[in-house]
Amino acid sequence: MTPDARQARLLAIALACLPFASAAAQTPRDSARADSAAQRLKAVTVTESRAAAVVGGASAVVVRTDALRTSPAPSLEQALRESPFVHVRQNSRGEMELSVRGSDSRQAAVLLDGVPITLGWDHRTDPSLIPLTGAQNLVIVRGLGSLLNGPNTLGGTIEVSHDDAFGRLGGGQAWGGAGVDENSSYVAALGAGRELADLMGGQLAIRGGVAHRQRDGVSLPGGAIDPSARDGLRTNSDLTQTDGFASLRWSGAAGRNVGLTVSGYDAERGVPPEEHLTAPRLWRYPYTSRAMAAFSANSGSIQTPFGFGSLNVGAGYNGGRSKIESYDSRQYRTINGEELGDERTWTGRALLAHSLPKSATFKAAATVADVNYTETLSPAAGVDYRQRLFSGGAEVEVPVRGRTTFAGGLVFDRSTTPETGGRTPAQESFDDIGWRGGVTHEVNDDWRVHASASQRSRFPALREIYSGALNRFRPNPDLKPERLLGVEAGFTVDRAWGPIPDGTIQVTGFRHRLDDAVIRITLSNPTRFMRVNRDRIESAGAEVLAGFVFGEDRERAVTLTGDAMLQTITVYDITAAGQPSRHTENNPETRGMLELGVPLPWQMRGFANARYTGTQYCLNADTSREMQLSGQTESDLAVERRFTVSGRGLFRSLRALVSLDNVADATVYDQCGLPQPGRTLRVMFTFR
């Protein structure tokens, strides 16, 4: 069946389903939830400039998972591709990487209910495999907003939270959904929760859910080259994944709570080859699985002889197993190499907060992580690696003259590698002291300005130091930490603008200098890659976020939202005479999104958005020369309708959506040889 025929069939099914959904529903549901009064932009991405402010930094961006349009059970990657300022791209291993403000993918931390899941063998996580089943929101902080989130958090933090859902369970709630696209890919999810009992003056509640994803591949855009593509799908881009989670939480008075969340997934997937190389990676993951657990306990507000304080402690486990199979041809029949990985990371964290005189606050935190990894390159026996990380710091926030707040702090970070897989010499131990200072001033109820400066180091991951990547890399135990010096300043205005009752504009400028940057070089005879500390990377830019609601009735209002990232990134080779500069790899200097939401007949809403990815560069391993990828724009269209379900069952609302992604079938590259999906028609239904 041709792609056009598949689209026509799926569209007919979607239109046939809408009357059924309408018959099962009553009055259209208001898209603004009752608990969203503080939220400023009623769109996919929501900024909360008061509740989620960072002293000295730009306000955090809060993304509500129930408003995402990519999937009824999205992965972290899908959610972040809809979010502003976070650059997501696929790499040659089939993994997705994150970048904030031009940072390396190992400089941004991802936390799951407070557990840093980016501490491990590679000091990053693949967001395409991190499920958001049951999660309520994402909180994205750009730059170094705090020193207390653990080691290696230079480029920002992305926190996935399940906590907010427990306050609305009552006698029981359920949620779920299903989605399908023209390529017969599908996803289904189901979850439920309820309060179990009154216990020790508080409430004990439980939540849980499961999701399954299946696809034969993703659409190949019309302008991309793929000689072994079949039925319009990219080579080796299939995925089968099942995930689930369960949370148990006790909530008491004064903020006291104890909670445990366990989650995990199991997946099989292919790795699309890089089409610009003569000998790309021909890999598959016959299995990749992960189990995560997060325990937390909060004392709530406690009166002490010195004021009021609270203690929050947490512990986490993040373990995963994976197998890589390397093939000798694009038919993926004969295996010529295998790599098995077994990772186990334990983390612990304690955060103390206490009041100080004159409304000041003091916070101190300590984070420890113990990373264990067993690498097996068949037929050789497995070898063990271990890394220990520690971070301890303190911050103070001091109000000055009412509307001005100052924040400052210090942090001590340390890294050791007691087990190195038998490789000698072992990497030496490293420690460093980082600092941060910032100030925020509330000009009035509408205007907020901020500025900050910070410096911190990132320790190399075990994989960067020791991994051979199936004989494609040469290990380098001499890698040293990177050190980032960053400054930022900006403003947020949140107010009515004449006929616009609700509007937000946020502008932030930043400048970064990264010394001893870890970069990849190409060795010859034989051709291998190796990571070295060689360059200095300087970047400067501006982030712009804006959103406007035209009309008092949010269900029928016109909305306009947009964001833009404008930056220059220069890489200086400090080993060369005259310090010649070049472009950074796989990091477009211009990105942006503009989205229009409009009311449509029959209580539907329509959305049209355009996402622009600017010019980017990569180093061709075949020629050792820089390649340029021209900027491209991807456009999406969607129509949705929300309903209030009749009766008083577990399901209170229904949402139906039809979306056409990449309408023009544009060829937008994540990096050289790896295009994003082409034009795809999708249908999804969700209920809550």
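Student: Why does W121 count as buried?

Tutor: In this predicted model, W121 has a relative accessibility of 6%, and because buried means under 20% relative accessible area, W121 counts as buried.

Student: What makes W121 and Y385 an aromatic pair, and why is the pair called tilted?

Tutor: The ring centres of W121 and Y385 are 5.4 Å apart, and ring centres within 6.5 Å make a pair. The planes of these two rings stand at 50°, and because planes under 30 degrees apart count as stacked and those over 60 as edge-to-face, the pair of W121 and Y385 is tilted. Y385, with a relative accessible area of 2%, is buried as well.

Student: Where in the chain do the two partners W121 and Y385 lie?

Tutor: W121 belongs to the loop between strand 6 (115-116) and strand 7 (137-142), whereas Y385 is in strand 19 (residues 383-400), so that the pair links distant parts of the chain, 264 residues apart. Ring pairs also join W121 and Y385 with Y373 and Y466 in a cluster, and the whole structure holds 9 aromatic pairs.

Student: How do you know that C618 and C672 form a disulfide?

Tutor: Their sulfur atoms are 1.8 Å apart, and because a disulfide is a pair of cysteine sulfur atoms within 2.5 Å, C618 and C672 qualify. The link is left-handed, with -100° about the S-S bond, and the count by this rule comes to 1 disulfide.

Student: What makes the approach of S415 to Q387 a polar contact?

Tutor: The side chains of S415 and Q387 are joined at 3.2 Å, which falls under the rule that the N or O atoms lie within 3.5 Å. S415, in strand 20 (residues 404-420), counts as buried at 2% relative accessibility, and among the residues that S415 touches are R388, L389, F430 and F459.

Student: How do you know that the charged end of R69 sits over the ring of F607?

Tutor: The distance from the charged end of R69 to the ring centre of F607 is 4.2 Å, and the rule asks for a distance within 6 Å, together with a position within 35 degrees of the ring normal. R536 likewise lies over the face of Y572, at 4.5 Å from the ring centre.

Definitions and conventions
Residues numbered from 1 in each chain as written. Predicted model: local features only at pLDDT ≥ 70, side-chain atom pairs only at ≥ 80, totals over all residues. Heavy atoms only, no water. Phe/Tyr/Trp six-rings, centres within 6.5 Å; stacked < 30°, edge-to-face > 60°. Helix = DSSP H or I, 4+ residues; strand = E, 2+ residues; numbered from the N terminus. Buried < 20%, exposed > 50% of the residue type's maximum accessible area, 1.4 Å probe, protein only. Polar contact = N/O pair within 3.5 Å; in protein donor to acceptor, adjacent residues only side chain to side chain. Contact = heavy atoms within 4.5 Å. Lists of a residue's contacts leave out its neighbours within four places in sequence.
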